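Here's a quick look at a protein with a ligand.

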Amino acid sequence: MTNTLSLEDRFQQRIDNEEKIEAKDWMPDGYRKTLIRQISQHAHSEIVGMLPEGNWITRAPSLKRKLALLAKVQDEAGHGLYLYSAAETLGAGRDELLHQLHTGKAKYSSIFNYPTLTWADIGAVGWLVDGAAIMNQVALCRASYGPYARAMVRICKEESFHQRQGYDILLTMMKGTDAQKKMVQDAVNRWWWPSLMMFGPSDIDSPNSAESMKWKIKRLSNDELRQRFVDMSVPQAEILGVTFPDPELKYNEVTGHYQFGVIDWEEFWRVVNGNGPCNEERLAARVQAHEEGAWVRDAALAYAEKQKQRNSSQVA
Ligand code: FAQ
């Protein structure tokens, strides 16, 4: 029997059968482009995400907190590495991707354009930002593209440690003075809505979702994941003894979910389009770090070249 299916149909059949797509397999251009877009934005988010926290390493209140924060920020650099490597398997060069980031052409998560004003912000970032990231990324562990899905497994394990360290910072502060409790509530007030925005626009305004769901890159929609995050966070806030800054947040007996107020989408797009409170500062810090790291890249390349020459002269 001859197989009359087109390459595209065969590809979709593999996706529907839950087969993983690997780097050397045939794939439609759109699938490759979507993956490069999402994986590179994700990689950029990890390395830009190091900046608001890196700010606090020297000011962590104890040696233990400093060690944990240092480890978390290092993990984020590692996540960037795995993700840039996953993008490279699709033919996207790291230099080109970084160039897009540094020239403001590439997107990264809106959340990292907000300032970390107090130590409680580091707790809130761990609890809410990493919490939102995990909610989104656990689903990505089952993404149809093998190298991305496998990178996500390790990333999720590390993110769950990050979330615990954040929640633990807040639990400790909530056992402290009134000033510390106030600081926690203030941080939660500022991080709650931006955390909900991390999941992206509502499903009806999400141009990429239909194809990404068909290709099983995304398994759950932006709104489904956002709702799960709200449902998970409300009981955690109760244990902590804080409230979320949303008068419309309440449990709906009929749906079995917490309903919440309307997200300020104007603010979301303003931040995504480069005009959030810290966009300029983040980009400038990234570019500076890249420039100051040039000597490390040069040294690594020179060393690799030396090794190559040594190996080839040994063979000869
Ligand atoms: N910020 O059609 P959709 C982390 C863009 S990692 C900026 O719904 P899609 C770890 C979107 O790219 C956090 N832009 O798009 C950490 C698209 O633009 P384009 C990052 C956003 O891709 C924790 C346009 O809007 N996580 O936090 C945002 O189907 C703590 C239309 O949107 C990931 O990247 C946003 N929030 O769904 C580190 C996970 N939302 O390209 C340090 C992987 C949307 O068409 C400290 N990514 N846009 O011009 C995803 O799951 C998806 O890409 C979504 C967006 C869900 C983010």
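Cys278 counts as buried because its relative accessibility is 4% (buried is under 20% relative accessible area, exposed over 50%, partly exposed in between, with a 1.4 Å probe and protein chains only).

Keep in mind that this is a predicted model: local features need pLDDT of at least 70, side-chain atom pairs count only at pLDDT 80 or more, and totals for chains, interfaces and linings use all residues. Residues are numbered from 1 along each chain as its sequence is written, and side-chain values use heavy atoms, with hydrogens and water left out.

Now the ligand. Here are some polar contacts to it (pairs of N or O atoms within 3.5 Å):

| Residue | Protein side | Ligand atom | Distance |
|---|---|---|---|
| Lys218 | polar side-chain atom | oxygen | 2.6 Å |
| Asn222 | side-chain N or O | oxygen | 2.8 Å |
| Met198 | backbone N or O | nitrogen | 3.4 Å |

On its own the ligand exposes 1,100 Å², and the protein buries 92% of that (Shrake-Rupley areas, 1.4 Å probe). Around the ligand there are 36 residues, of which Gln41, Lys107, Ser110, Ser206 and Lys218 come nearest; being near takes a heavy atom within 4 Å. Helix H2 (29-54) is one of the elements giving two or more residues to this shell, and H2 gives the most, with eight residues (helices are DSSP runs, H or I, of at least four residues, numbered from the N terminus).

Notes: A polar contact is a pair of N or O atoms within 3.5 Å; within protein, one must be able to donate a hydrogen and the other to accept it, and residues adjacent in sequence count only if both atoms are side-chain atoms.
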